[in-house]
Amino acid sequence: RGQSRGERAVLYQGPVRALCPLAPNNVNTMAAAAMAAHNLGFDRVQGCLVSDPSLSDWHVVEVEVTGPVDEASGHGFTVKTTRRNPAAPGAVTGSATYASFWSSLLSCKGHGGKLFLC
C-alpha cells in the first residue's frame, strides 16, 4: 500500500468474508464475531488487519461493538475491548485458540451441562 518497511500498515479493511481466505491464521476472532453476530454475518462485520513493527512481541486484538440507536431517545451503546497476546515475531497465536476455547468450555458451569452459542 505504498508504505515503506518498518511502518505501521493497514493490510486489509473491509468485510470479514473477504479477509478469511487471505489470512486464515490471523482472523479467528473476526470470524467468531461474524458468526456470533448472526444478524450481520461475514459480509456486514468489518475487519481490519494491521501490521505494526512497534508491536513485535505482541498480537493485539481490538474489538468494537456498536449497537443500534434508539430512535426515541437517540441513545446507543458501544463496547470496546483489547486483548494483548505475547508472541514471538512471526508466531501465530491462533495455534493457542483451540486450547483456550476448550479450557473455557471445561470451566463453564451453571448451564445444566449445555453449551449455548448466541
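The protein chain of this predicted model exposes about 9,200 Å², of which carbon and sulfur atoms supply 56%. Of its 118 residues, 16% count as buried. The chain has four helices and four strands, and from the N terminus on these elements run in the order β-α-α-α-β-β-β-α. Among the contacts in the chain with a separation of 6 or more, 56% are accounted for by residues 24 or more positions apart.

**The nonpolar core**

The largest nonpolar core consists of twelve residues, namely Tyr12, Val16, Leu19, Cys20, Ala23, Val27, Met30, Ala31, Ala34, Ala37, Val45 and Leu49. In soluble globular proteins, nonpolar side chains tend to be buried together.

Within helix H2, which spans residues 28-36, the buried residues are Met30, Ala31 and Ala34. They lie on the same side of H2, because the arc that they cover around the axis is only 100°. For methionine 30 in particular, once neighbours within four places in sequence are left aside, the contacts are with Val16, Leu19, Gly47 and Cys48.

Methionine 35 also lies in helix H2, but this residue counts as exposed, because its relative accessibility of 57% is over the 50% cut-off. Its C-alpha atom is 9.3 Å from that of valine 45, a residue ten places away in sequence.

Glycine 41 lies in helix H3, which comprises residues 41-44, and it counts as buried because its relative accessibility of 16% is under the 20% cut-off. The C-alpha atoms of glycine 41 and valine 16 are separated by 8.6 Å, although the two residues are 25 residues apart along the chain.

The structure holds one salt bridge, formed by arginine 17 with aspartate 43, whose closest N and O atoms are 2.7 Å apart. Arginine 17 belongs to helix H1 and aspartate 43 to helix H3, so the pair ties together parts that are 26 residues apart in sequence. Side chains of opposite charge can pair when their charged atoms come close. Both partners are partly exposed, arginine 17 with a relative accessible area of 46% and aspartate 43 with one of 43%.

**A nonpolar patch on the surface**

Val65, Phe77 and Val79 form a nonpolar patch on the surface, and together they have about 260 Å² of accessible area. Phenylalanine 77 sits in the loop between strand E3 (58-66) and strand E4 (78-86), where it is partly exposed, with a relative accessible area of 45%.

| Residue | Relative accessible area | Class |
|---|---|---|
| Glycine 41 | 16% | buried |
| Aspartate 43 | 43% | partly exposed |
| Phenylalanine 77 | 45% | partly exposed |
| Arginine 17 | 46% | partly exposed |
| Methionine 35 | 57% | exposed |

Note on methods: Residues numbered from 1 in each chain as written. Predicted model: local features only at pLDDT ≥ 70, side-chain atom pairs only at ≥ 80, totals over all residues. Heavy atoms only, no water. Patch = residues over 30% accessible without salt bridge, like charges linked within 9 Å, V, L, I, M, F, W, Y side chains within 5 Å. Areas by Shrake-Rupley, 256 points an atom, 1.4 Å probe, with all protein chains shown as cover. Salt bridge = Lys/Arg side-chain N within 4 Å of Asp/Glu carboxyl O. Helix = DSSP H or I, 4+ residues; strand = E, 2+ residues; numbered from the N terminus. Buried < 20%, exposed > 50% of the residue type's maximum accessible area, 1.4 Å probe, protein only. Arc of directions from axis to C-beta. Core = buried A, V, L, I, M, F, W, Y, C linked by side-chain atoms within 4.5 Å. Contact = heavy atoms within 4.5 Å.
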